[in-house]
Amino acid sequence: MRLDCGLLRRMTDQRTFLITGAGRGLGLALTTAALAAGHRVAATTRTGEGAVQHERLVTYALDVRDRDACRAVVRRVADDFGGVDVLINNAGYGLVGAIEELTESEVRKLLDTDLLGPMWLTQAAVPVMRAQRTGHIVQISSVGGVGAMPFFGLYNAAKWGLEGFSEALAGEVAPFGVRVTIAEVGAMDTEWATGSMRFSAPVTEYDEGRKQILGVSEVPWVTEPGVTAGDGASPAEIADRLLQHITAPADGRLRLMLGDDAPGQIATVMQRRHDEYSLDPRFVVG
């Protein structure tokens with residue numbers, strides 16, 4: 001006999017997490033942290049192979065760019081686990097390239113993964129959570145979702161889009177008991193900026209700008225397999241802090257800053273934006 005999912009939630013703090021991009025980096029750290037806290041995890045990777053095994057873990061193959069596949073995976077997880085309590089849209093990657101350098105293929109692939117992937121999974125999860133009258137959707141964003149940096153414009157565009165639709169989503173689903181969190185992550189010691197980074201073919205006229213801003217004029221920069229950025233917070237630290245937020249009572253926050261450098265970076269961006277708007281005398285705060 002199938003147990004009533006709502007009754008289970010009232011009787012226990014155990015939750016079902018659906019985490020994308022769980023094969024390494026932050027996704028793997030989130031999977032490990034959720035399991036250690038006693039939760040059940042449905043993890044997705046491109047191949048369906050997971051980096052860890054656990055009795056409360058099931059790994060599914062998923063290409064987040066495929067809308068139909070996203071819907072099918074959410075249905076399977078809801079059937080296998082009796083519901084979906086927390087969706088963490090973590091899958092994504094970065095790309096270095098001036099706007100002029102970007103090819104159509106590069107633009108479409110990154111937006112399909114970093115922006116539309118979370119959109120498709122969110123669309124699939126909301127009906128499940130709405131029916132449950134509870135749920136939490138967590139979008140893994142970045143300080144790059146608040147400001148923009150030369151040579152990361154495409155990545156910034158994806159994260160700004162993610163934050164935009166998620167802010168609207170939060171107001172739409174709140175009446176159904178569904179929370180939304182935008183996790184703005186600062187520097188993190190993963191392979192995101194090393195072995196996992198993608199690069200556009202360089203236009204030589206931008207070499208000097210690359211050197212001034214990125215510290216190197218040559219791209220792609222070469223790294224050994226498995227080498228991480230070597231600075232920033234560890235994925236485990238970020239995962240633990242995010243898990244604390246998810247399991248704590250709602251405090252009204254939509255955006256959650258993660259990493260020691262995130263508050264300072266965001267404050268700098270917001271101050272610059274305030275100063276620009278203030279050049280118009282009609283702009284008054286308070």
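1. Helices α2 (residues 25-36) and α7 (residues 235-247) pack with their axes 8 Å apart and at an angle of about 55°. Here axes are lines fitted to C-alpha atoms, for helices over the stretch in contact, and angles run from 0 to 180 degrees between N-to-C directions. The angle makes α2 oblique to α7, since angles under 35 degrees count as roughly parallel, over 145 as roughly antiparallel, 65 to 115 as roughly perpendicular and the rest as oblique. The crossing of the two is right-handed, meaning that the near helix is turned clockwise from the far one by less than a right angle.

2. This is a predicted model, in which local features need pLDDT of at least 70 and side-chain atom pairs count only at pLDDT 80 or more, while totals for chains, interfaces and linings use all residues. Residues are numbered from 1 along each chain as its sequence is written, and side-chain values use heavy atoms, with hydrogens and water left out. Helices (H or I, at least four residues) and strands (E, at least two) are DSSP runs, numbered from the N terminus.

3. On the α2 side, G25, L26, A29, L30, A33 and A34 meet P235, A236, I238, A239, D240, L242 and L243 of α7; contact means heavy atoms within 4.5 Å. By class, this contact has 11 nonpolar, 1 polar and 1 charged residues. Ala, Val, Leu, Ile, Met, Phe, Trp, Tyr, Cys and Pro count as nonpolar, Asp, Glu, Lys and Arg as charged, and the others, Gly among them, as polar.

4. A239 lies in α7 and touches L26, A29, L30 and A33, leaving aside residues up to four places away in sequence. A239 counts as buried because its relative accessible area is 0%; buried means under 20%, exposed over 50% and partly exposed in between (1.4 Å probe, protein chains only).

5. R67, C70, R71, V74 and A78 of α3 meet W120, L121, Q123, A124, A125 and V128 of α4, a contact with 8 nonpolar, 1 polar and 2 charged residues. A72, in α3, is partly exposed because its relative accessibility is 28%.

6. H136 sits in strand β6 (residues 135-142) and is buried because its relative accessibility is 2%. Its side chain makes a polar contact of 2.7 Å with the side chain of T181. Such a contact is a pair of N or O atoms within 3.5 Å; within protein, one must be able to donate a hydrogen and the other to accept it, and residues adjacent in sequence count only if both atoms are side-chain atoms. Residues touching H136 include D85, V178 and H245.

7. D85 is in the loop between α3 and β4 (86-89). The side chain of D85 reaches the backbone nitrogen of T16 at 2.7 Å.

8. Some backbone points deserve a check. Most residues other than glycine have a negative phi, and most peptide bonds are trans. R133, in the loop between α4 and β6, has a phi near 65°. F151 has a positive phi of about 80°. V219 and P220 are joined by a cis peptide bond, with omega about 0°.
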